[in-house]
Amino acid sequence: MSNIFNSSIGKKLMVALAGFFLILFLLVHLGINLTLILTESSKPFNVASHFMGTNIIIKVFEVILFTAFLLHIIYVLILQIQNWIARPKRYKIYNFSQISFFSKFMIWLGGIILIFLVIHLTDFYFKSKFGHIGEITYDNISYYTDLSSLVIQKFQIPGIVIFYIACFLILGFHLWHGFQSAFQTLGLNHKVYTPVIKKLGMVYTIVVVSGFTIIPLIIYFTQ
Amino acid sequence: MKVRLKIWRQENAKAKGAFVTYDFEEVSPEMSFLEMLDALNQKLIKKSDSPIAFDSDCREGICGSCGLYINGRPNGPEKGISTCQLSMRAFKDGDTIYVEPWRAKPFPVIKDLIVDRSAFDKILHAGGFISVNTGSAPDGNSILVPKEYSDLAFDSSVCIGCGACVAACKNASAMLFVAAKVSHLALLPQGRPEARERVKNMVMEMDRLGFGNCTNTGACEAECPKEINLTNIARLNREYFTAKVL
Ligand code: HEM
Ligand code: SF4
Ligand code: FES
C-alpha cells in the first residue's frame, strides 16, 4: 500500500474515486432540488434542506464531500502540472483524430466548475449557515429557514438563470468525458460492459444537466 | 509531384532549432516518405548542405525507430502504420508538409528529427522481462496457455516501442507503451511469478523519467502503428492496484 498516491496511477485513482463520490452527490442534490418544481408547496424542499443541514449522518457525508472536492482538485492540479512539464516544447501543428474530445479541456472545465462552486456556496450554503434567511412555519410545529423562497428569488434574475445554465453545460462536458474515464482509471474496461458504461455516462450526464437546467427555467417563467 | 516541406532542423540537443523550408519537386507518388527524405538528402549533399538527420532501420514497420510527427500526427495522415510505411500517395501535389520530431521531455532531440528514446529502454530494464535459468530448452507445451490469453498477449506484444503513443499524447504519457509491455507478460503464465514487482518497478521508472500522466484521452490508441488499445491501460491499472494494495 505504501506510497501508492505518489505514483501517477495512484493519483489518478484518487481523482477517480473522488469523482465517483461527486457523481453520486450530484444525483442526491438533483433529487432534492426537483421538489422545488414538482410540488406547489415549498414544504418538501425546506424540510429536505433542513434535514440535509442538521442530520448527523449527513454531516459526516458533508465532510466527506468537501474532502472529495479538495482531493479531486489537489490531485488534478498536481497531475496537470506534471503533464505540462512533460512536454516543454509544443508542436507547431496539432491534428489528432478520434479522441475523447472533452478530455483535452478537463482542467479548464473543472476550473469553471470551481468558480461556480464558490459563487454557488456563497449564494446559498454560507447564507443558510451564517447569514439571515427568513424562517417559515409548517403545521405550527417546526421552524425552517425558508431556502425555497431564496432560490425562487435568485432565479427571478435573468443573469443568474443564464449563469447557472451555462455552468451546468460546462459540468455536462466535464462529465461527458469524466464518467466513463473514471471507470477506465479504476481498470474497469471490458468488451461487453464498457460500451454499456459509456451509454450510462451519457444518460447520467443528460439527466443531470437537463434536471439542473430545467429548475431555474421553470422557476423563472412560472413564478 | 511537388511538395513544400517544412522540416525541423536542430544542430544538437542544446541548440534552439527552427523549421527550414524545402521546395522539393522530384517527388513521385510511389516513393515512401523516407525515400523522399533520402532523395532530398542526396540533393542537399550535392549542394554541400548538411543532410536532414532522421532515424530508420527496418523500413518495414517492425523495428520502431523511424517515427516522425508529420502534419500534426505521429506517422502522418494514415492509420496503423509507422513512418517508413507511409507513402507519398497520402499527399497531394503542392501540399505543405510539416515534419517535427517526437516532442516529450524524456525524449530529448539529438539532432534534427532524431530523438533519444533510451527512456523506453530504461523502463524495460526496470521489469519488462522474465527471469529464466538458462539450460537445456524446455519441452514444448509443458506450460499450457489458453488460446484466449495467448491471443491477447500477442496483441500486446506487437508493440514496437516506437514512442508514437508518447508523441501523440497531449500529456506525453508513456502509459500505452508500459501497458502493452506489462500486459503481454501479465497475460502469460511465464510472466506471473514476477508480475507484481514488474508492474511496480516499471511504473516507478516511467514516473521517474518524467513522462506525463494518463487522462484517458485515447490519442495514443488512435495513433499507435500497431493499434494497441486502451484495454491494455486498464489492465495496467488493475495490475498496479492489485500489486500495491493486496
Ligand atoms: C461536481 C463536480 C465535479 C464532478 C462530478 C467531477 C467528476 C470528475 C470525474 C468523474 C472525472 C474522471 C476521473 C478520471 O478520469 O479518472 C473528473 C476528472 C477531472 N476533473 Fe472533475 N469533477 C468535478 C469538479 C472538478 C473541479 C472543481 C475541478 C478542477 C478544479 C475538476 C478537474 C478535473 C480534471 C482536470 C479532470 C481530469 C483528470 C484526468 O483526466 O486525468 N473537476 N472529474
Ligand atoms: S504502444 Fe504503439 S505507439 Fe506506443 S510504443 Fe508501442 S507500438 Fe509504438
Ligand atoms: S524503420 Fe523500422 S519501423 Fe520504420
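Let me start with ligand 2, around which 13 residues are found, the closest being C159(B), C162(B), G163(B), C165(B) and C224(B). A residue counts as near a molecule here if one of its heavy atoms lies within 4 Å of it. The coordinates come from a predicted model, in which local features need pLDDT of at least 70, side-chain atom pairs count only at pLDDT 80 or more, and totals for chains, interfaces and linings use all residues; side-chain values use heavy atoms, with hydrogens and water left out. Residues are numbered from 1 along each chain as its sequence is written, while chains are lettered from A and ligands numbered from 1 in the order in which they are written.

In terms of class, the shell holds 11 nonpolar, two polar and no charged residues. For that count, Ala, Val, Leu, Ile, Met, Phe, Trp, Tyr, Cys and Pro are nonpolar, Asp, Glu, Lys and Arg are charged, and the others, Gly among them, are polar.

I turn now to ligand 1. Its iron atom is coordinated by NE2 of H72(A) and NE2 of H174(A), at 2.0 Å. Donors are N, O and S atoms within 2.8 Å of the metal (3.2 Å for Na, K and Ca), and sites may look incomplete because water is not among the atoms. The two histidines link distant parts of the chain: H72(A) belongs to helix 3 (residues 56-85) of chain A and H174(A) to helix 6 (residues 158-185) of chain A, 102 residues apart.

The cut-offs are under 20% relative accessible area for buried, over 50% for exposed, and partly exposed in between (1.4 Å probe, protein chains only).

Helix 3 of chain A also contains E62(A), which is buried, with a relative accessible area of 16%. The C-alpha atoms of E62(A) and F25(A) are separated by 9.8 Å, and the two residues are 37 residues apart along the chain.

Next, backbone geometry in chain B. Most residues other than glycine have a negative phi. S48(B), however, has a positive phi near 65 degrees, and R59(B) has a positive phi of about 55 degrees. S48(B) is placed in the loop between helix 1 (33-46) and strand 3 (69-70) of chain B, and R59(B) lies in the loop between helix 1 and strand 3 of chain B. S48(B) is exposed, with 67% relative accessibility, whereas R59(B) is partly exposed at 31%.

Chain A has seven helices and two strands, running α-α-α-α-β-β-α-α-α from the N terminus. Its C-alpha atoms fill a box of roughly 65 × 40 × 35 Å along the principal axes, and 43% of its 223 residues count as buried. Chain B has eight helices and seven strands. Its C-alpha trace spans about 60 × 35 × 35 Å along the principal axes, and buried residues make up 53% of its 246 residues.

Technical notes: Helices (H or I, at least four residues) and strands (E, at least two) are DSSP runs, numbered from the N terminus.
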